[in-house]
Amino acid sequence: MSEQPRRPRKPGKPYRRPQKDPVRLLAFEALRAVDERDAYANLVLPPLLRKARERDEGFDARDAALATELVYGTLRRQGTYDAIIAACVDRPLREVDPPVLDVLSLGAHQLLGTRIPSHAAVSASVELARVVLGDGRAKFVNAVLRKVARDDLDGWLERVAPPYDEDPEDHLAVVHAHPRWVVSALWDSLGGGRAGIEELLAADNERPEVTLVARPGRATAEELLGEEAAVPGRWSPYAVRLSEGGEPGAVEAVRENRAGVQDEGSQLVALALANAPLDGPDRRWLDGCAGPGGKAALLGALAAERGAFLLASEKQPHRAGLVAKALDGNPGPYQVITADGTRPAWRPGSFDRVLVDVPCTGLGALRRRPEARWRRRPEDLDGFAPLQRGLLSSALKAVRVGGVVGYATCSPHLAETRAVVADALKRHPDTELLDARPLLPGVPDLGDGPDIQLWPHLHGTDAMYLALIRRTA
């Protein structure tokens, strides 16, 4: 039997080592940390950026800005991108490995949420997949993203979002990338109307400005306005906003702890409590939930101007440490303690002013913590409710007759705001609700009162809530 001649081998493409893109690799690492460790992007990203700068001299401010946009943009639009990716794969999205889904989401954001050219967005994402997932799954990423690239965001939303007339809440959830239950809760808090809820959801997806606070007696807004990229705050006399590119760490007053980073809504809450009318002396103030210390630092500075003492209490030791750091150098008398506000370490009726900025779902700060919208569940409200009620009840016992308690949350959800306050007023008939609106002169759109609800789309702040309650007997 004669031997068959061998067929010549077709020359194949030589193996090419995948190219590591430090920007996209960093963004992927941040998303994995958010997913695997329930971390927050605003805590994970800064050390990753710092390491990248130390490791690679070519990693500059533009790279840091792109990495930041990729991480935050992907997290904000996660629900929208999930709906689009689901239309491009042949299996339920839950069956796609989370690391693969992160690469797909990063690619979708580059395609649909940035000005990066489509071919560059796809090729860069496939290259990232080769590095972190391997060649096999990189082919899957390539196939899916090429489908995503066939249309723009508006075209995709027409295909994957249900019509508004058929299901308003689900339409808004997909178009504006919020869970349906969050859309419903925010809509209830706003009081109805399509325009308002669309403006609010859109504002939640905008990158928030960095706002500084000049701590009274230690720094002034005028001093901070001398910094590059600084513009006046909208409402607080102590607020200064940094335009895009402004770096708080470069501000001397921030480095010296005479100023800090603080949303203007938080500043307004502290100012309203500090300016609330009292019957009697004004010597002892309490911040009953002081961590991480922003409001405590402002209250401490305001108290010092009047010769008042501030007690800042925080249950968690590490957060109490942050409070102590924020208050370090305060010009007036203060003390920081580690204590549970529901088991007071002070005698009843000891304080003239009390603030309780209670733990909550954080639905008012979705601009800053976009992953929170996907992490929170409706049942979380049941977990927070007893604590919120307990802290407010303890605060009302801690204030003297004629003194004022400020109840604040960084959530506009009615179950965490007005429902808690209404319950406290029933349980404590020796109290009355004050009209907080006159204490924020010049701030528009504060509603019918007497409490205050701030909004990102109306005030450019986090959605802070404040009710002021006076003890009458």
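1. V231 stands opposite R241 in strand 3. Strand 3 covers residues 239–242 and pairs with strand 2 in the antiparallel sense, over three bridges. Strands are DSSP runs (E, at least two residues), numbered from the N terminus. Two strands pair if DSSP finds at least two bridges between them.

2. This is a predicted model: local features need pLDDT of at least 70, side-chain atom pairs count only at pLDDT 80 or more, and totals for chains, interfaces and linings use all residues. Residues are numbered from 1 along each chain as its sequence is written, and side-chain values use heavy atoms, without hydrogens and water.

3. The open sheet has four strands in the order 2-3-1-4, with antiparallel pairing. Strand 2 (230–232) and strand 4 (259–261) are the edge strands, each pairing on one side only. From one strand to the next, the twist averages 30°. Helix 14 (residues 264–275) packs on this sheet and touches strand 1 (210–214) and strand 3. Contact means heavy atoms within 4.5 Å. A helix is a DSSP run of H or I, at least four residues.

4. Where does the largest cavity lie? Domain 3 (210–261) and domain 4 (264–471) both give residues to its lining, so the cavity lies between them. Domain bounds come from an automatic or database domain assignment. A cavity is a set of points on a 1 Å grid over the protein atoms alone where a 1.4 Å probe fits but cannot get out; lining residues have an atom within 4 Å of a point.

5. The lining of the largest cavity includes R241, R234, D263 and E264. By class, it has one nonpolar, two polar and seven charged residues. Asp, Glu, Lys and Arg count as charged.

Conventions:
1 Å grid on protein atoms, 1.4 Å probe; cavity = no way out; pocket = protein on both sides within 12 Å on 5 of 7 lines; lining within 4 Å. Axes fitted to C-alpha atoms, helices over the stretch in contact; angles between N-to-C directions.
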